[in-house]
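Hi,

Here is the structure I promised to pass on. Have a look at it first, and then read my notes below.

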Amino acid sequence: MKAIIYTTYGGPDVLQCVDMDKPVPGKKEVLVKVEASTVSAGVTWMRKGKYQGSVLFTILLRLMYGISKPRNQVLGAEFAGTIEQVGSKVRLFKPGDKVYGTTTGLKTGSYAGYMVIPESRRQGVIAMKPPQLSMPEAAALPVGGMTAVHLLTKAEIGMRQEVLIYGASGSVGTSAVQIAKYACAKVTAVCSTANIELIKAIGADQVIDYTREDITQLKERFDVVFDAVGKLPGSAARQLLKKGGRYCTVRSITVEKTAYLRSLHQMIEQGEFRPVIDRVYPIDKIAEAHEYVDRGHKKGNVIITNWP
Ligand SMILES: NC(=O)c1ccc[n+]([C@@H]2O[C@H](COP(=O)([O-])OP(=O)(O)OC[C@H]3O[C@@H](n4cnc5c(N)ncnc54)[C@H](OP(=O)(O)O)[C@@H]3O)[C@@H](O)[C@H]2O)c1
């Protein structure tokens, strides 16, 4: 099978396409034929071996993924595909099931024709793909969706609360806007001019263009301020809170839970949530896809597909 590996940290040119043996599932593992993956912001940090603007996060990243070079060479944090084979003790899945999830805690990522995953995960998730979503949409769901569910749940978002979502046009931001609307909050979203129509279309009540308006000068105060892109200084965010308001940011540790996916599935079934897809690149254009995401302006999610 083909796989995309990186043996050294760096720019998109460190990605190489190689031939690898197809993995064999263990007794409690499933073999997935990967049909779609993503270029998430997190994957680009892993490729660079560096978290922009934070020495602490860079140290943590190197401790997790390899000090001088990547420990696990196959990148890719999200996947969607079809189960081809299951181990003798697998109970939850069968060949032919359409699944999706994350590769968190696994030795290899999803930039490969096939991957093996335990059916039950201590870290990371695997779930049946909601039938309403295409493979690319399912691949785009877990990281942004679960991060937004986790942080908004922690912030105890509720009905009629006034919520400010800063960086509303990324993967986490577009998920957060839809989740906050589902919770019947009043959503003020912050993005640039190019993304205003998109953010209105996914339900924001009010959109502020950060290229034209300095949000630190806003008179309005919010029950929740969610920095979905990690670029709003904490002091500026807190200044926008009502008394007793809650601030949350993607610059914090989050966890992945199948319970979060179940919440997202409920919204999807009711037609209230859909992952936003910006661009779809075939696997042989993976370096171009990474270059695009490195620019920091993707809208929602960037998908990798067309595995040979
Ligand atoms: N803690 C966690 O578990 C966790 C999980 C997932 C992601 N993250 C982190 O969350 C961050 C966001 O990830 P992502 O994939 O959603 O998005 P992303 O790809 O990092 O961000 C893209 C979006 O951010 C907007 N943006 C860029 N600069 C901005 C600014 N100064 N003000 C407002 N918006 C700005 C861009 O819109 P414009 O073109 O309009 O500028 C673009 O739509 C990343 O740093 C990622 O590492 C953390």
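In helix α8, the buried residues are Y260, L261, L264, H265, M267 and I268. Keep in mind that this is a predicted model. Looking down the axis of α8, you'll see that its buried residues sit within an arc of 160 degrees, so they line one face of the helix. The general idea behind this is simple: an α-helix has 3.6 residues a turn, so residues three or four places apart point the same way.

What do the buried residues of α8 pack against? Their partners are the strands β5 (98-102) and β7 (126-128), plus the helices α4 (142-154) and α5 (171-182). On the face turned away from the buried side, α8 carries the exposed residues R262 and E269.

The length of α8 works out too: its 12 residues (258-269) should span 16 Å at 1.5 Å a residue, and the end C-alpha atoms are 16 Å apart, which agrees. Just past the helix, G271 has a positive phi of about 75 degrees.

Now for the ligand. There are 23 residues around it, and W45, S192, Y210, T254 and K298 come nearest.

- Y51: a side-chain N or O atom is 3.2 Å from a ligand oxygen.
- S171: a backbone N or O atom is 2.8 Å from a ligand oxygen.
- K231: a side-chain N or O atom is 3.3 Å from a ligand nitrogen.

On its own the ligand exposes 920 Å², and the protein buries 87% of that. The elements giving two or more residues to the shell around the ligand are α1 (41-48), α4 and α5.

Cheers

Conventions
Residues are numbered from 1 along each chain as its sequence is written. This is a predicted model: local features need pLDDT of at least 70, side-chain atom pairs count only at pLDDT 80 or more; totals for chains, interfaces and linings use all residues. Side-chain values use heavy atoms; hydrogens and water are left out. Helices (H or I, at least four residues) and strands (E, at least two) are DSSP runs, numbered from the N terminus. The expected span of a helix is 1.5 Å times one less than its number of residues. Buried means under 20% relative accessible area, exposed over 50%, partly exposed in between (1.4 Å probe, protein chains only). The arc is that of the directions from the helix axis to the C-beta atoms. Contact means heavy atoms within 4.5 Å. A residue is near a molecule or strand if one of its heavy atoms lies within 4 Å of it. A polar contact is a pair of N or O atoms within 3.5 Å; within protein, one must be able to donate a hydrogen and the other to accept it, and residues adjacent in sequence count only if both atoms are side-chain atoms. Accessible areas come from the Shrake-Rupley method with a 1.4 Å probe; for residues, only the protein chains shown count as cover.
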